[in-house]
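Here is a fold to look through together.

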Amino acid sequence: MTAAARVLGRLGERGETLAVAESLTGGLVAAELTSVPGASKSFRGSVTAYATALKAEILGVDADLLAERGAVDPEVAQQMAAGARRALGADWGISTTGVAGPEPQDGQPVGTVYVAVAGPSGVEKVSVLRLNGSRADIRRESVRSVLDLLVSELDGNARAQDTEQIGGN
């Protein structure tokens, strides 16, 4: 089973929805999700904010943060995930931002990628990736990593809910 199928299966079981904010992946996360039959039950949509200005204008990323640190930053990734969640009315938001190459960007070397999750009850998680390979390799691994991060959060959140339910009985 693909990471996208695992994400959509878990969201479907929970009756929850997902929104995506992408930069370096340019729509690949959304394409991966929509390749799964029945994705529309949980996948609300995506914003491909490739231009830095769109991260602020559409996703609500702090413009001062973008001016100070650039788009390749863990806090930017977190704000993108939260912004997608808010803008598209979803329970969960995920994001990708980074440098696929061929040149460094915002003072960050090629292969520096941040993936983030924002969810209900204040769930926030950011992972930094230091990837090698071609531009295509970096983008593909970024897609897999953000979906795996969300699966991890969904699984952890489900275990916490189960524990609470068991402890409350």
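Q: What is pLDDT, and what does the mean pLDDT of the protein come to?
A: pLDDT is the predictor's confidence in each residue, from 0 to 100. This is a predicted model, and the mean for the protein is 93, with 92% of its residues at 70 or more.

Q: Over which residues is the pLDDT below 50?
A: That holds for residues 159-169, a stretch with one contact in the model beyond near neighbours in sequence. Where pLDDT is low, the predicted coordinates should not be read in detail.

Q: What makes β4 and β5 a pair?
A: Two strands pair if at least two bridges are found between them. Seven bridges join β4 (residues 112-118) to β5, so the two count as paired, and they run antiparallel. Val115 has Ser127 of β5 opposite it.

Q: Why do β2 and β5 stand at the edges?
A: The open sheet has five strands in the order β2-β1-β3-β4-β5, with mixed pairing. Both β2 (43-48) and β5 (124-130) have a single partner strand, so one side of each lacks a neighbour in the sheet. On average, neighbouring strands are turned by 15° against each other, direction ignored.

Q: Which helix packs on the sheet, and which strands are touched?
A: Helix α5 (residues 74-88) does, touching β1 (18-22), β2, β3, β4 and β5. Touching here means heavy atoms within 4.5 Å.

Q: What lines the largest pocket?
A: Its lining has 16 residues, and Leu24, Tyr50, Gly98, Val99 and Gln105 lie nearest the centre. Both α3 (52-57) and β3 (92-98) give two or more residues to this lining. By class, the lining divides into seven nonpolar, six polar and three charged residues.

Key
Residues numbered from 1 in each chain as written. Predicted model: local features only at pLDDT ≥ 70, side-chain atom pairs only at ≥ 80, totals over all residues. Heavy atoms only, no water. 1 Å grid on protein atoms, 1.4 Å probe; cavity = no way out; pocket = protein on both sides within 12 Å on 5 of 7 lines; lining within 4 Å. Helix = DSSP H or I, 4+ residues; strand = E, 2+ residues; numbered from the N terminus. Nonpolar A, V, L, I, M, F, W, Y, C, P; charged D, E, K, R; others polar. Axes fitted to C-alpha atoms, helices over the stretch in contact; angles between N-to-C directions.
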